[in-house]
Amino acid sequence: MKVLLRNPRREVELRGPMSVASLLQRLELNPESVLVIVGDELVPRDARIADDDDVEIRPVISGGAP
């Protein structure tokens, strides 16, 4: 699978299938601090990612008016 990470931007190739939770653990990312998108769909931690999927991992950004 091709994994695109944002901030800093980098691409990683990994062999699947695996769960989102396993992917985040392998990349040493905190599940609470990122969003995982497969294709155009936001996926939960228990979703399975296929070997031929394109995955994007974005940091969670919060904000708002004071």
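**Notes on a predicted single-chain model**

1. Surface first. The chain exposes about 4,800 Å² of accessible surface, and carbon and sulfur atoms account for 47% of that. Keep in mind that this is a predicted model, so every value here is computed from predicted coordinates. On the burial side, 32% of the 66 residues in the chain are buried.

2. Fold layout. You get 1 helix and 7 strands, and going along the sequence they come in the order β-β-β-α-β-β-β-β. The radius of gyration is 12 Å against 11 Å from the globule rule for 66 residues, so the chain is as compact as a globular protein of that length. The C-alpha trace spans about 45 × 25 × 25 Å along its principal axes.

3. The core. The largest nonpolar core has 17 residues, and the members touching the most others are Met 1, Val 3, Leu 23, Val 55 and Ile 57. Two or more core residues come from each of strand S1 (2-5), helix H1 (20-26), strand S4 (34-38) and strand S7 (54-59). As general background, nonpolar side chains tend to be buried together in soluble globular proteins.

4. Met 1 deserves a look. Skipping neighbours within four places in sequence, the contacts of Met 1 include Val 12, Leu 14, Met 18, Leu 23, Ile 49 and Val 55.

5. Leu 14, a loop residue. Is Leu 14 buried or exposed? Leu 14 sits in the loop between strand S2 (10-13) and strand S3 (18-19), and its relative accessible area is 11%, under the 20% cut-off, so Leu 14 counts as buried. Beyond four places in sequence, Leu 14 is in contact with Met 1, Val 3, Leu 23, Arg 26, Leu 27 and Asp 51. Leu 14 and Asp 52 are 38 residues apart in sequence, with C-alpha atoms 9.8 Å apart in space.

6. Glu 32, another loop residue. Glu 32 belongs to the loop between H1 and S4. With a relative accessible area of 56%, over the 50% cut-off, Glu 32 is classed as exposed. Setting aside residues up to four places away in sequence, Glu 32 touches Arg 45 and Val 60. Its C-alpha is 9.3 Å from that of Pro 59, a residue 27 positions away along the chain.

7. Backbone checks. Which peptide bonds ending at a proline are cis? One runs from Asn 7 to Pro 8, with omega near 0 degrees, and another from Gly 16 to Pro 17, also with omega near 0 degrees. Pro 8 is in the loop between S1 and S2, while Pro 17 is in the loop between S2 and S3. Then there are positive phi values: Asn 7 has phi near 60 degrees and Glu 28 about 55 degrees, and neither residue is a glycine. Most residues other than glycine have a negative phi, and most peptide bonds are trans, so these spots are worth a glance. Asn 7 lies in the loop between S1 and S2 and is exposed at 67% relative accessible area. Glu 28 lies in the loop between H1 and S4 and is exposed at 73%.

8. Charges. There are 9 positive and 12 negative side chains, and the centres of the two sets lie 4 Å apart.

Technical notes
Residues are numbered from 1 along each chain as its sequence is written. This is a predicted model: local features need pLDDT of at least 70, side-chain atom pairs count only at pLDDT 80 or more; totals for chains, interfaces and linings use all residues. Side-chain values use heavy atoms; hydrogens and water are left out. A nonpolar core is a set of buried Ala, Val, Leu, Ile, Met, Phe, Trp, Tyr and Cys residues joined through side-chain atoms within 4.5 Å. Buried means under 20% relative accessible area, exposed over 50%, partly exposed in between (1.4 Å probe, protein chains only). Helices (H or I, at least four residues) and strands (E, at least two) are DSSP runs, numbered from the N terminus. Contact means heavy atoms within 4.5 Å. The radius of gyration is taken over C-alpha atoms; the globule rule is 2.2 Å times the number of residues to the power 0.38. Accessible areas come from the Shrake-Rupley method with a 1.4 Å probe; for residues, only the protein chains shown count as cover. Lys and Arg count as positive and Asp and Glu as negative; His and the chain ends are not counted. The place of a charge is taken as NZ of Lys, CZ of Arg, CG of Asp or CD of Glu.
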